[in-house]
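Open the model in your viewer and keep the selection panel at hand. Each stop below says what to pick and what is there.

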Amino acid sequence: MGKPTGFLEYDRETGPERAPLDRKNDFNEFHGLLSKEKQQCQGARCMECGIPFCQAGVMIAGMASGCPLHNLVPEINDAVYHGNFELAYERLHKTHCFPEFTSRVCPALCENACTVGLHAAPVSTKENEKTVIEYAFENGLVKADAPAIRTGKKVAVVGSGPSGLAAAQMLNMRGHEVTVYERNNLAGGLLRYGIPNMKLDKRVIDRRIRLMEEAGIRFRYGVDVGKDISGKELLKEYDRVVLCCGASNPRDITCEGRDAKGIYFAVDFLSEVTGALIAKDYDSEAVISKKDFSFQSLKGKQVIVIGGGDTGNDCVGTSIRLGAAGVTQLEMMPKPAGMRDDSNPWPEWPKVLKTDYGQEEAIASFGEDPRVYQTTVTEFLKDKNGKLTGVITVQLVPEKDAKTGRIKMVPVKGSEKKRKADLVLIAAGFLGCQDYVPKSFGALCNERTNVKTAQEAYQTTADRVFTAGDMHRGQSLVVWAIREGRQAAAAVDESLMGYTGLN
C-alpha cells in the first residue's frame, strides 16, 4: 500500500501548531491540518510491509499494539496517497464510528506499531485519518444513516460517552429503535466534560449528535438512570438496555488535611471549565473573566496537579489558560527514558518520555518542565479557616516486593518538602463505575468494581442488560470505548434477532 519507496523519499510531517505562548490565551483547538497535497505525501510513506501491525489491535506484554478497531490502515493511507479521499472515507467508515474524535485525542496506537517506526518516524496515520474525516464532512459524505426498515425492537443506551454513542449508532443502523439516556444536559460524556476544548472542540461532538438525531436516535437529557428512573422501569419499556456510564469514580488521595478547601478532582475541574466555555459560546476571554466561575481567580495562584497522565496534563494546560502563576505536576513513577530500551521492543507500546501540550506551555510560560517525578503528597496544609495553603510531599524510590516480586514505590525518610498551593487537582485515575446504576438493574460488579460479564462478552448478570466501555473494562482510551460499543451492539443485536451482521 502507498508508494513502495515513499518512506524513503518523504520525511514525516504533521499539521501546524500555534506556539505555546500564543495558544495558552484561549481554549481553541491549536493543531491544524496539512494541505491535501502534503497529506498525500504522508500517505505515500505507508510501506508494503506485508503484515500491518498498525491494524492488529492486540495486547502485547499487557499493552495494546495497533488499532483496537482494526481500521484498514494501509488501504486508507493508500487512498490518501492517491488523493482519493472519498474512497479513504469509505474504507474508514467500515470499521470506525467517530474518526473525528480519535483523530484528535487518541494516542495513536496504530502509529506506535507502524513498521516504518522500526527505523524511522512512523507514518502519520492519525493525521491522515483527521484529514479524511474532515474532508468527508466538508463534502457531504458523512450521512445520517437512517435505516430503511425498523425491526420493532427498542433499546435504551444509558450514557452518551464514546461507547454509548457507538452502540447507539450501530443498533440504530440495524433498524432497532434507540433512545440514549444522559444525566447531563448535553451528550458526549467525558468526550465533552473530561477532555478540554483545545484538544476536542465540543462543536465537533455537536455536529455528530445532530446527524445521529437525524438518523432517528433519541436523546433524553437530564435523566439520571438509577435515581430519576429505575432499571426496572426501563426494562418494562425496552427490549434491551446497554449500560455505558463510564468509570466515573475518581481515585482519591487520603491523607491528613484532605478536607481543606481548594482540593478538587480533575474531572470536576475540567467539567466546570468546559461547562462555562459552552455557556459563554466558546468565548475564552469571557470564561476567564467570569465572576461566578469557581476557578476564574487562578491569576497569581499556585496549582499542584497530582497525577502524571493525560488528565494531569489537561489540568496543567487548563490552569495556565486560567492565569495560574505556577503549575507543578506530581508523578509517582520514575521519569521514563528518552527512547526504547531492550526490554520494550517494537511493536510494544513505547514506554518513553512524552512531553504533551500542557507541559510545553508550562515550559514556555514558567521556564521549566512542571513534572516532578517519584513524588507524592503526604499532607495537605490549611489555614485556620480551612483554606488550602500548601502540601507536604515526599520522594519515592522503586523497591521490589519480596512476596509478590512487584515493584512498589516506597517513601524516602527525610525527603519531606513543603510546597505552596492555592489549588490542588487530583488526577490519579478512576476506580470503576458508580454502582447505583448496575444495582438498579440487579447487575453485579466484579472485584475491580466494573460491571461483571463473562470474558470477552457484554451480557451482564442481569437478564436483557448489557454493558460496554469503561464501565465494563475500566478506565481506558476513547478508541477502546468505541470498539466496546460496537461489539456490545453486535451482542445485543444477536440476542434480539438470533444473528447479527454488526461487527
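**Stop 1: the sheet**

Select strand S6 (residues 240-243) and S16: three bridges join them, and the two run parallel. Strands here are DSSP runs of E with at least two residues, helices are runs of H or I with at least four, and both are numbered from the N terminus. Now pick valine 241; its bridge partner in S16 is valine 465.

Before going on, some ground rules. This is a predicted model, in which local features need pLDDT of at least 70 and side-chain atom pairs count only at pLDDT 80 or more, while totals for chains, interfaces and linings use all residues. Residues are numbered from 1 along each chain as its sequence is written, and side-chain values use heavy atoms, with hydrogens and water left out.

Five strands form it, in the order S5-S4-S3-S6-S16, with parallel pairing. To pair, two strands need at least two bridges found by DSSP. Strand S5 (218-221) and strand S16 (465-467) are the edges, each pairing on one side only. Neighbouring strands of this sheet are turned by 20 degrees against each other on average, direction ignored.

Next, strand S3 (residues 154-158). Four of its five residues are buried (under 20% relative accessible area, 1.4 Å probe, protein chains only). Five bridges link S3 to strand S4 (residues 177-182), and these strands run parallel. Valine 155 has valine 178 of S4 as its bridge partner.

H9 lies across S3, S4, S5 and S6, at about 165 degrees to S4.

**Stop 2: helices around H8**

Select helix H3 (residues 36-44) and helix H8 (residues 125-138). They pack at about 135 degrees, with axes 10 Å apart. Axes are lines fitted to C-alpha atoms, for helices over the stretch in contact; angles run from 0 to 180 degrees between N-to-C directions. Show Lys36, Gln39, Gln42 and Gly43 of H3 with Glu127, Asn128, Thr131 and Tyr135 of H8: these make the contact (heavy atoms within 4.5 Å). One is nonpolar, five are polar and two are charged.

H4 and H8 pack at about 65 degrees, axes 10 Å apart. Which residues of H4 and H8 make the contact? Val73, Ile76, Asn77 and Val80 of H4 meet Thr125, Asn128 and Val132 of H8.

Note on methods
Nonpolar A, V, L, I, M, F, W, Y, C, P; charged D, E, K, R; others polar. Buried < 20%, exposed > 50% of the residue type's maximum accessible area, 1.4 Å probe, protein only.
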